[in-house]
Amino acid sequence: MKGSARYRIAIVEPSEIVAEGLRHLLVTHGFDVVSIHDRVSAAAERMSRTTPQIVFVNPSLLDPEQRHTLRSALDLPQEALLVALVYGGFPDRLTAQFDEVVSVFEEPGAIARRLNAAMQSRESDETASAHAATDPRNDLSEREREILVAVARGYMNKEIADRHNISIHTVITHRKNITRKTGIKTVAGLTIYAIMNGLVDMNDVE
Amino acid sequence: MNTLSQTSGLFGEHVKLAGVVDTNYMLLPVLERLGIGLGFGEESVGEACRRAGVRPSFFVLLCAIHTFDDYVPDAAQIENADPLELIAYLRNSHEYYSRRQVPRLREKLDRLVASCRSAHSELLSRFFDNYQRELDSHFLYEDEKVFPYVEDIAQGRPSDGEYSIERFEQNHENIDEKLDDLKNIILKYLPDVCDETLRTDALFDIYRLRDDLERHTMMENKILVPLVEKLEEAGR
């Protein structure tokens, strides 16, 4: 199943077996794997030349002291999609920096679909924010507005995921996008935003 | 990259204090926190520092931090820093934020909110209340737990071994987030029925506070922590 565009992907993964498996699957689904690395430092040097649009990184390679974000360590532009490649259970703390989380046990077709959807959503976001200056209303997608309302009403990520039949990571991704678009990070701030934009009634919130 | 000679040229001992302020008037609060009063006539940096009991090298460091964006002190400057002097400055900064800057901002916000005359804008007051409380408790923790710990270590008093600066570093919360949200809400999402002048006025104060807090946090993370880590190591 080919995506409508051949997105350029870089893989940063210590296991050659996993990296090769992932490369094969991605190429089969119409992506262009431009580089594979087993360390972040090696990857960072190549990134500026290969300019990948999607970067898979095994979170075990993260800087344990977290002195730099992964995005800055790799010198990635904001538009690049940062994907965590995980084998098993993983704490939220490690995956917080990533835009998406992909497990090696996921069905390949589903991974490809998710990647394409994420990239297309980002691209439409960019054109949307280019028009935002002329559009006085918010440019959140329908789904993002639903998630925002749930957050404002005090629901936790897990509850939101259950109610909307999506994964908790999708919820986190939506919340990150909401923050990215509005510039608002805290729950209290998002609540005010939701109320001011008529998405939620003041009385629903207390 | 700002070299030591550049910063000394701008803020060094022989420079007139008035010249320092002319170079960057945002240094006025810094002078206040160092106990250097205004009305200093033709005094030089060196003279003013001696009068206030401040080391000129510390003065230059503070000026550089508050003048150049993303200024990063080098290893020599960190090593040269006096922990007690630094703590005293940080404590004074907390006072300044809690007792002066934040309450003034609060007043401006109250006036802004009153001008909007809508229930929605009153949410802002409550939001700011929470922010104020968060900030105060953040400072309290540092004033009562972290700083005394550093003072003990710096003066060679044994600590009970329970606390370490690493714990501080890991728990050092981001106090900017709510302020950023407030700024964005007032800048982008408050309805235009609100008084424009009051709005701009409040925004200026928010931007200044945010800027100041950012540099304050940087000093704690990039100067205080490494400095104390060295002291802890020496003590072992």
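At what angle do helix 10 and helix 11 of chain B pack, and how far apart are their axes?

Entry 1: I'm working on a predicted model, where local features need pLDDT of at least 70, side-chain atom pairs count only at pLDDT 80 or more, and totals for chains, interfaces and linings use all residues. Residues are numbered from 1 along each chain as its sequence is written, chains are lettered from A and ligands numbered from 1 in the order in which they are written, and side-chain values use heavy atoms, with hydrogens and water left out.

**Entry 2: helices 10 and 11, chain B.** I got an angle of about 155 degrees for helix 10 of chain B against helix 11 (residues 196-235) of chain B, with the axes 10 Å apart. Helices here are DSSP runs of H or I, at least four residues, and strands are E runs of at least two, numbered from the N terminus. The axes are lines fitted to C-alpha atoms, for helices over the stretch in contact, and angles run from 0 to 180 degrees between N-to-C directions. Helix 10 and helix 11 of chain B are therefore roughly antiparallel (over 145 degrees; under 35 is roughly parallel, 65 to 115 roughly perpendicular, the rest oblique). Their crossing is left-handed, meaning the near helix is turned anticlockwise from the far one by less than a right angle. Contact (heavy atoms within 4.5 Å) involves B:Leu179, B:Asp180 and B:Ile186 of helix 10, among others, and residues of helix 11 including B:Arg199, B:Leu203 and B:Tyr207. I noted nine nonpolar, no polar and four charged residues in that contact. For the classes, Ala, Val, Leu, Ile, Met, Phe, Trp, Tyr, Cys and Pro are nonpolar, Asp, Glu, Lys and Arg charged, and the others, Gly among them, polar.

**Entry 3: helices 8 and 10, chain B.** Next I took helix 8 (residues 119-154) of chain B, which packs on helix 10 (residues 177-189) of chain B at about 160 degrees, axes 10 Å apart. This pair is therefore roughly antiparallel, and the crossing is left-handed. Among the residues that meet are B:Phe127, B:Phe128 and B:Tyr131 from helix 8 and B:Leu182 and B:Ile185 from helix 10.

**Entry 4: chain B against chain A.** I found 17 residues of chain B in contact with 16 of chain A. The two chains bury about 1,500 Å² between them, 64% of it on carbon and sulfur atoms (accessible area, 1.4 Å probe, that two parts lose on being put together, summed over both). B:Leu123, B:Asp181 and B:Tyr189 supply 38% of the area chain B buries here, more than any other three residues. There is one salt bridge between the chains (a side-chain nitrogen of Lys or Arg within 4 Å of a carboxyl oxygen of Asp or Glu). A:Lys185 and B:Asp180 form a salt bridge at 3.3 Å, N to O.

**Entry 5: inside chain A.** Helix 6 (residues 142-152) and helix 8 (residues 168-182) of chain A pack at about 95 degrees, axes 10 Å apart, which makes them roughly perpendicular. I also logged a salt bridge between A:Arg71 and A:Asp99, 2.7 Å from N to O. These two sit 28 residues apart, A:Arg71 in helix 3 and A:Asp99 in the loop between helix 4 and strand 5 of chain A.
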